[in-house]
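Biologist: I have not looked at this one before. Can you take me through it in plain terms?

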Amino acid sequence: PERLSVTFEWDGFPGYVIIENGEFEELGENRTRVVNVSQFYSTEERDGMLASGMEGGLNESYAALDRLLATLV
């Protein structure tokens, strides 16, 4: 797949669904570029998520994905 779209709702702003679109671009030599865009309901919601410390969890998730993908090649 070249694109993955998901929705989720987080505890900081219940009732507002975030839309995420991820695009995967094959670069060759077992490399892929991932571009992820998150669409928030408001700037306040976006800023609230950034202030929540979500960056650490996101980095952990991408590290876990890297480990999984390494087992597939």
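**A walk through the model**

Modeller: Glu29 is exposed, at a relative accessible area of 78%. Here exposed means over 50% relative accessible area, buried means under 20%, and partly exposed is in between, with a 1.4 Å probe and protein chains only.

Biologist: What should I know about the model before we go on?

Modeller: This is a predicted model, in which local features need pLDDT of at least 70, side-chain atom pairs count only at pLDDT 80 or more, and totals for chains, interfaces and linings use all residues. Residues are numbered from 1 along each chain as its sequence is written, and side-chain values use heavy atoms, with hydrogens and water left out.

Biologist: Back to Glu29, then. Where is the place of Glu29?

Modeller: Glu29 sits in the loop between β2 (17–28) and β3 (31–39). Strands are DSSP runs of E with at least two residues, helices are runs of H or I with at least four, and both are numbered from the N terminus. Glu29 is not a glycine, yet its phi is positive, about 50°.

Biologist: And what is the phi of Asn30?

Modeller: Asn30 has a positive phi too, near 60°, and is a residue other than glycine. Asn30 is also in the loop between β2 and β3, and it is exposed at a relative accessible area of 70%.

Biologist: Change of topic. How many salt bridges does a search of the whole structure find?

Modeller: The search finds 3 salt bridges. The term means a side-chain nitrogen of Lys or Arg within 4 Å of a carboxyl oxygen of Asp or Glu. One of them joins Arg3 and Glu23, whose closest N and O atoms are 3.0 Å apart. Arg3 lies in strand β1 (residues 3–9) and Glu23 in strand β2, so this pair ties together parts that are 20 residues apart in sequence.

Biologist: Which residue does Glu25 form a salt bridge with?

Modeller: Glu25 pairs with Arg33, and their closest N and O atoms are 3.6 Å apart. Glu25 is partly exposed at 42%, as is Arg33 at 41%. Another bridge is between Arg46 and Asp47, with the closest N and O atoms 2.8 Å apart. Arg46 has a relative accessible area of 37% and is partly exposed; Asp47 is partly exposed, also with 37%.

Biologist: Why would such side chains pair at all?

Modeller: Side chains of opposite charge can pair when their charged atoms come close.

Biologist: What is Glu45 in contact with?

Modeller: Leaving aside neighbours within four places in sequence, Glu45 touches Trp10, Phe13, Tyr16, Ile18 and Phe40. Contact means heavy atoms within 4.5 Å.

Biologist: Now the rings. How many aromatic pairs does the structure hold?

Modeller: It holds 1 aromatic pair. The ring centres of Tyr16 and Tyr41 are 4.5 Å apart and the planes are at 40°, so the pair is tilted. Tyr16 is in the loop between β1 and β2 and Tyr41 in the loop between β3 and α1 (43–51), so to speak of sequence, they are 25 residues apart. Rings of Phe, Tyr and Trp (its six-membered ring) pair if their centres lie within 6.5 Å; planes under 30 degrees apart count as stacked, over 60 as edge-to-face and the rest as tilted. Tyr16 is partly exposed at 32%, whereas Tyr41 is exposed at 60%.

Biologist: Last one. Where is Pro1 found?

Modeller: Pro1 is in the segment before β1 and is exposed, at 98% relative accessibility. Pro1 and Glu23 are 22 residues apart in sequence and 8.7 Å apart in space, C-alpha to C-alpha.
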